[in-house]
Amino acid sequence: MFKTLTALTLIGAACGLLLFAMNGITRGDIEKNRTQKARAIMAKLLKQPLPDKIFWVDDISGSCQLGYFIKHAENGYSGPINFFALYHPNLPDDEAPRGKTTRQEQLSLRVTRHQETPGIGDFIDHKRNSYLPDLDQQSIAQWQNLDNITGATITQRAIKKAALNIQTRIRYHTEKYPCVE
Amino acid sequence: MSNNDFSRGAIENNPAWAQLLGLCPLLAVSNSIANALGLALASGFVLLGANTSISLLRKIIPDVARLPCFVLIIATFTTVAVMVLEAYAFDLYTRIALFIQIIVTNCMILGRAEAFASRQPVGRAIVDALGTATGFAIALLALGAVRELLGNGTLFNDMELLVGSLGADWQLTIFTSAPLPLAVYPPGAFLLAGLLFAAVKALTATQSGPTAKKEVEKETGTANDAVRRANP
């Protein structure tokens, strides 16, 4: 028994050390790749170039005039789905950006990571399918009307829940950091 | 000895067409040569790492807990493969990530660990891993090439995902329109894999000639005898 436990501990420790070392070697490049991917999605959603530095608070960035970028994760049917969202909250007339009438709330979603079966859930990948881009700038109420998504991981329930939770997170965020022009 | 270990893993006991192991990633990822090569390299890396480690540790791996140990070692090398791909071939990673992660459950790798690496010295385990990985890569690349050619009309498309800017000019356009678009979809994968495996079987049977025929007859006779004995 003692011999078995010792052997298991040694093997576990060796595997852990290898992973720790590899994490140290690859972490920088992985982070860089993920950031580049996120920035490309953000620039496309916003339809304008991004500033060099973006500041995140609780995985939320932006302002009520420009719109908020949100990194969000929601549980799908068999695994997590990571979203990147651009949310424009409702704005009264006097808070709308000059020359613009961004008054209706709008939510655009992109899926950045998922464990959906390739070939079945490809429609959710904005690079392969225009399904999500076609739903851009819809209100939360419109997102709740989704009724045609069935995948092993990605379900309409997960997307509806993501839309609602994103709205809730922005509400908390704007309570903490009120809109200032 | 080593040559036998290599050719047995690569040809006679090929994990794909002889043992039908690892078919899930094989069918799912082989829709292009670039994807197939990415999975073949990752699977080969995990197989080589797992076989080598398990053979080196075979005297300290407790027999009662050998399967958890094998899975732990295979999972470690799979995670390393995932990290390396995500760091250095990010676009390819985003396309085949799911199937890289499930290498850990690939019966081919666990099978070689249990049947070979845990009982043989490290040299033979490495040769066996190289042979099996080569066999899996041959099956993946053959299926990937046929599917890409029929489904897209091209060969070596998107190779830059794997080898960087060097592979940007490698694409060969053989047909301007795809002769069989079904080939890149899952049903096409099943059909073409079935035809490919049948072709390999037929080729092997032709090369073996009368010996193989006699073996089949012998096996059929033995089976028939067994049936007769069971139902006199």
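Predicted model: local features only at pLDDT ≥ 70, side-chain atom pairs only at ≥ 80, totals over all residues.
Helices, of at least four residues, and strands, of at least two, are taken here as DSSP runs and are numbered from the N terminus. Read from the N terminus, the elements of chain B follow the order α-α-α-α-α-α-α-β-α-β-α-α. Of the 232 residues in chain B, 40% are buried. Among the contacts in chain B that link residues at least 6 apart in sequence, 77% join residues at least 24 apart.

Helix α6 of chain B, residues 107–117, shows how burial is arranged along one element. Its buried residues are Met108(B), Ile109(B), Arg112(B), Ala113(B), Phe116(B) and Ala117(B). These residues lie on the same side of α6(B), because the arc that they cover around the axis is only 135°.

Turning to chain A, the domain assignment gives domain 1 (1–47) and domain 2 (60–176). Where these domains meet, six residues of domain 1 of chain A are in contact with six residues of domain 2 of chain A. The side of domain 1 that touches domain 2 in chain A has five nonpolar, no polar and one charged residues.

Chain A also contains an open sheet of four strands, in the order β1-β2-β3-β4, with antiparallel pairing. The edge strands of chain A are β1 (60–63) and β4 (106–113), each of which pairs on one side only. From one strand to the next, the twist averages 30°. Strand β1(A) is joined by four bridges to β2 of chain A, residues 67–76, and the two run antiparallel. Within this pair, Ser61(A) stands opposite Phe69(A) of β2(A).

Two helices of chain A are placed against these strands. Helix α1 of chain A, residues 2–46, lies across β2, β3 (79–88) and β4 of chain A, and runs at about 155° to β4(A). Helix α4 of chain A, residues 156–176, packs on the sheet and touches β1, β2, β3 and β4 of chain A. The direction of α4(A) makes about 135° with that of β2(A).

Ile140(A) lies in helix α3 of chain A, which spans residues 140–143. Is Ile140(A) buried or partly exposed? A residue is buried if 20 or more other C-beta atoms lie within 10 Å of its own; Ile140(A) has 16 C-beta neighbours inside 10 Å and therefore counts as partly exposed. Setting aside residues up to four places away in sequence, Ile140(A) touches Glu105(A), Leu107(A), Ala163(A), Leu164(A) and Gln167(A). The C-alpha atom of Ile140(A) is separated by 20 Å from that of Met42(A), a residue 98 residues apart from it along the chain.

Technical notes. Residues numbered from 1 in each chain as written. Chains lettered and ligands numbered in written order. Pairing = 2+ DSSP bridges. Axes fitted to C-alpha atoms, helices over the stretch in contact; angles between N-to-C directions. Contact = placed C-beta atoms within 7 Å. Domains from an automatic or database assignment. Nonpolar A, V, L, I, M, F, W, Y, C, P; charged D, E, K, R; others polar. Buried ≥ 20, exposed ≤ 12 C-beta atoms within 10 Å, placed from the backbone. Arc of directions from axis to C-beta.
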